[in-house]
Amino acid sequence: MWRLQRAETPAARLFQAFCEEGHYAGREEPTDTRQGIYAVTPSGRLLTSWNSRNLDHVKSKMREALVDWEDLDDSQRYPDEELLSGPRPEDHYPKDGLVLQVFTRDLPREGDEQREDWRREAWNVDHLWLSEEEMLALAKTGLTAEAANRLVRLHGRDNVRGQSRRYPREAVTRAELTTTLDEQLGLSRLVRLEGYGAVSESGTWSINDRHDGPAEHVRSFEGPMLGRAVFDTVTSQITTFELAWVGLRRGATKYNGRADDPGPAPMAVVFVMAPGEDRVAPSWFWDYGWR
């Protein structure tokens, strides 16, 4: 969302315009806060917006938007010309590399059975991209040092309940993922993935966006990785990939919902093949250094 919230391209300005007409309308000093759900025509005309997870409310607002949509003619629904969006992370989609979905969630622990709200089953999803060179190295011997460092600092963050910034490069104390042959399957190779990731950062920040000021904090995640992959030697592509990184997370950041639950507690990060051409970019893509 960073690009849409701050850029000056036509597509970004369209996004900013309908957001300011929505449920945040009337602010004397508009900010980057545009959290919510917006029903908008391709032309940028706002139908309705809201900021609620209540299912009945969501369905009601969607029906409201549909009624308004049906009252419009095509000249109001669609733009007169194509919007040029400008540079986007999706432009760097590694079509010959490896595209993974990354799921983060808490693991069962004592006391969770008493929790009645959404946090007990919370989970989040992100994406990990590997270039063709990084994918081929992984299929042969393991992740390169650069790719392993990127995996740990971008995906060792605790985003189960919300948002959390990436770790800086120097916070990574261990990052390795090696490959060993398990079995030759005709023209494919079944390989075993083993590794370890450890990342820790100390500093001054807030852990609650409403009540506290900056203070000294430590956050970390550490644990082993285990998985498998299938490499097709004809197409030079990884066709199956499953990797679990399981460990203990500690600490909290401002928007990740852990102010009252800093741990240590068990957390899992699971990497699997993204379905089809899932072109959604990793949330911290601009930290990849790809140009």
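Author: Residue classes come first: Ala, Val, Leu, Ile, Met, Phe, Trp, Tyr, Cys and Pro count as nonpolar, Asp, Glu, Lys and Arg as charged, and the others, Gly among them, as polar. The model is a predicted one, in which local features need pLDDT of at least 70 and side-chain atom pairs count only at pLDDT 80 or more, while totals for chains, interfaces and linings use all residues. Residues are numbered from 1 along each chain as its sequence is written, and side-chain values use heavy atoms, with hydrogens and water left out.

Reader: What makes the lining of the second largest cavity nonpolar?

Author: A cavity here is a set of points, on a 1 Å grid over the protein atoms alone, where a 1.4 Å probe fits but cannot get out, and its lining residues have an atom within 4 Å of a point. The lining of the second largest cavity consists of Leu 100, Leu 128, Leu 130, Leu 138, Leu 143, Leu 151, Leu 177, Phe 241 and Leu 243. Because Leu and Phe both count as nonpolar, the lining divides into 9 nonpolar, no polar and no charged residues.

Reader: How is the lining of the largest cavity divided by class?

Author: That lining has 3 nonpolar, 6 polar and 4 charged residues. The volume of the largest cavity is about 80 Å³, where a volume is the space filled by probe spheres set on grid points joined across faces, edges and corners. Of its 13 lining residues, Asp 158, Tyr 167, Arg 219, Arg 250 and Asn 256 are the closest to its centre.

Reader: Why is strand S3 called largely enclosed?

Author: Strands are DSSP runs of E with at least two residues, numbered from the N terminus, and buried means under 20% relative accessible area, exposed over 50%, and partly exposed in between, with a 1.4 Å probe and protein chains only. In S3 (residues 98–106), 7 of the 9 residues are buried, so the strand is largely enclosed by the rest of the structure.

Reader: How do you know that S3 pairs with S4?

Author: Two strands pair if DSSP finds at least two bridges between them; S3 and S4 (residues 123–130) have 8, in the antiparallel sense, and therefore qualify as paired. One of the bridges joins Val 99 to Trp 129 in S4.

Notes. Helices (H or I, at least four residues) and strands (E, at least two) are DSSP runs, numbered from the N terminus. On a 1 Å grid over the protein atoms alone, a cavity is a set of points where a 1.4 Å probe fits but cannot get out, and a pocket is an open set with protein on both sides within 12 Å along at least five of seven lines; lining residues have an atom within 4 Å of a point.
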